[in-house]
Amino acid sequence: MKVKKSLTLALAGTMLFSGLLAGCGSNNNTNAAKETNNSAAAGSTSELKPYELKMYLIGGPQKDLDLVLKEVNKYTQEKINATLNITMFDWGDYDKKMQVITASGEPYDIAFTSSWTNDFRRNAANGTFLGLNDLLDKYGKETKEVLDPRFLEGTKIKGEIYGVPVNKELGQQWVWRFNKKYVDKYNMDISNIRTLDDLEPLLKTIKENEPADITPLAVPKGFKPFMPFDYVLGDELPIGVYMDSTDGKVVNILETPELSTSLDTMRRLYTAGYLRPDVATLEGIDNIKTGKWFADREITQPYAEKGWSRSAGYEIVTSPMHEPYVYTQSAAGSMHAISVTSGDPERAMMFLNLLNTDKYLRNLLNYGIEGTHYKKISENVIEDLPAMQDSYAMPGFTLGNMLLTYLHADDPADKWDAFKKFNDSSKEAPTFGFAFDPTPVKTEVAAINNVTKEFMPALYTGSVDPKTYLPKATKKFKEAGLEKVIAEVQKQLDEWNQTKK
């Protein structure tokens, strides 16, 4: 699931769907959960000196955070003789704030990190984050046992784990989302809509029959046509390996027939008026809120439609573009790192182990206090109280093992089983587990990032004619050092592939 990226893409994925991801899972009796003797703490609590863990999390400030932390700290003191001090930085500020903290050398223990917050690989490589192999083996055994091993593989750099992943959806799968109101109105069959070409006749129907303020394809400037590539440096840069590659050849996506075809199609859709005229400069889009849209795209997860529909207030349905794949970026979509400045990294790992294996603690931090922020409908099902939305609406997917959290009444009883099946069915992308070190070409990577910002939003959204604009973009990319970066990626990828043999 990706959130700065997930937010901008429609919030991963993903984003990623805070309403859905804050959502739920089975839980044992609270008292029984409290009595669970979690082996995170090596030895008894009395053998551990009191310690306060300083933790940074992403998300909007919550009025009742201190109130909830009082309850959290009662429990963690019993378990590991530690208390928790959480500071939250809002979505758009998180990267910047954490960079300042890192540069200042300010000590802290734990920080949220991910493949989409732009800090993980850099901080792991430059020594800001602590290597966790030994700590996980000693104090995080239970966490390792509940995770699909591929989660941990996605956090590795040269064999060392640098983040404790959140147990959630592992694979990444794009879907077309549809406002069901219009699907029903025109009796549309969306079951086999995979490509832009499949989608085009439906967009035409909406354009010809609905008012001008209904957007047929409601996407912002971050939209990119789905193409069969494993983007080695993320889909912002035109460097990838074909999904069906057997030789690991890195290609310049700008020069592939798939890109040329996709750009021609997007240009046709744009000139037909199926996208907003200002799409190339549109930072975000409020289509879900207004309801004045027919189709968009998003990264999915099991039962995502229910979460989206709950948030929108009307029904949203989907059709998958492709089967789910596990990318290095998707495995590292939500994690917690331990800082090298931590005064007690062992205790930090003990806490993370509790957070990912202890149902009572996980739900307390996620949903707040029973009777104040939620009420139980049954042992495993809750109903939000007004105080949750007003004072404690935490982004659940950033907090630890999602499969431990409560269900809401409209959640399917098999929700977390469906997540496990989804993860099991997800296939590994060709470069899964590969971590590129940009140091030898960092100047060129920065330069081609700037070219991407200049050219690609207009190209990907069809806002300009690709026949004239793509050659200009390709020339600029090459002048910025794209071919040198591709050569370095190929060199490192070949070396990595050799280590797997």
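Predicted model: local features only at pLDDT ≥ 70, side-chain atom pairs only at ≥ 80, totals over all residues.
Trainee: Is the crossing left-handed or right-handed?

Mentor: Right-handed, for α12 and α21.

Trainee: Which residues meet there?

Mentor: From α12, look for L259, L263, D264 and R267. From α21, look for P466, K467 and L470. By class, that contact of α12 with α21 has four nonpolar and three charged residues, and no polar ones.

Trainee: New topic. Which residues touch the most other members in the largest nonpolar core?

Mentor: I86 and F351 do, in a core of 70 residues. Helix α16, residues 345–357, gives this core its largest share, seven residues.

Trainee: What is I86 in contact with?

Mentor: Leave aside neighbours within four places in sequence. Then I86 is in contact with M55, L57, L65, L69 and L365. Another core, of 33 residues, lies apart from the largest one. L254, F436, V489 and W496 are among its residues.

Trainee: Next, D230. Where is that, and which strand holds it?

Mentor: D230 lies in strand β9, residues 229–231.

Trainee: Buried or exposed?

Mentor: D230 is buried, because its relative accessible area is 2% and buried means under 20%.

Trainee: What does D230 touch?

Mentor: Not counting residues up to four places away in sequence, D230 touches I239, G240, V241, M243, Y327, A429, P430, T431 and F432.

Trainee: How far is D230 from D414?

Mentor: They are 31 Å apart in space, C-alpha to C-alpha. In sequence, D230 and D414 are 184 residues apart.

Trainee: And L170, where is that?

Mentor: L170 is in the loop between β6 (164–165) and β7 (174–179). L170 counts as buried, at 0% relative accessibility.

Trainee: What separates L170 and P324, along the chain and between C-alpha atoms?

Mentor: Along the chain, L170 and P324 are 154 residues apart. Their C-alpha atoms are separated by 8.9 Å.

Trainee: Which residues does L170 touch?

Mentor: Not counting residues up to four places away in sequence, L170 touches D148, R150, F151, V326, S330, A331 and N423.

Definitions and conventions:
Residues numbered from 1 in each chain as written. Heavy atoms only, no water. Left-handed = near helix turned anticlockwise from the far one by under 90°. Helix = DSSP H or I, 4+ residues; strand = E, 2+ residues; numbered from the N terminus. Contact = heavy atoms within 4.5 Å. Nonpolar A, V, L, I, M, F, W, Y, C, P; charged D, E, K, R; others polar. Core = buried A, V, L, I, M, F, W, Y, C linked by side-chain atoms within 4.5 Å. Buried < 20%, exposed > 50% of the residue type's maximum accessible area, 1.4 Å probe, protein only.
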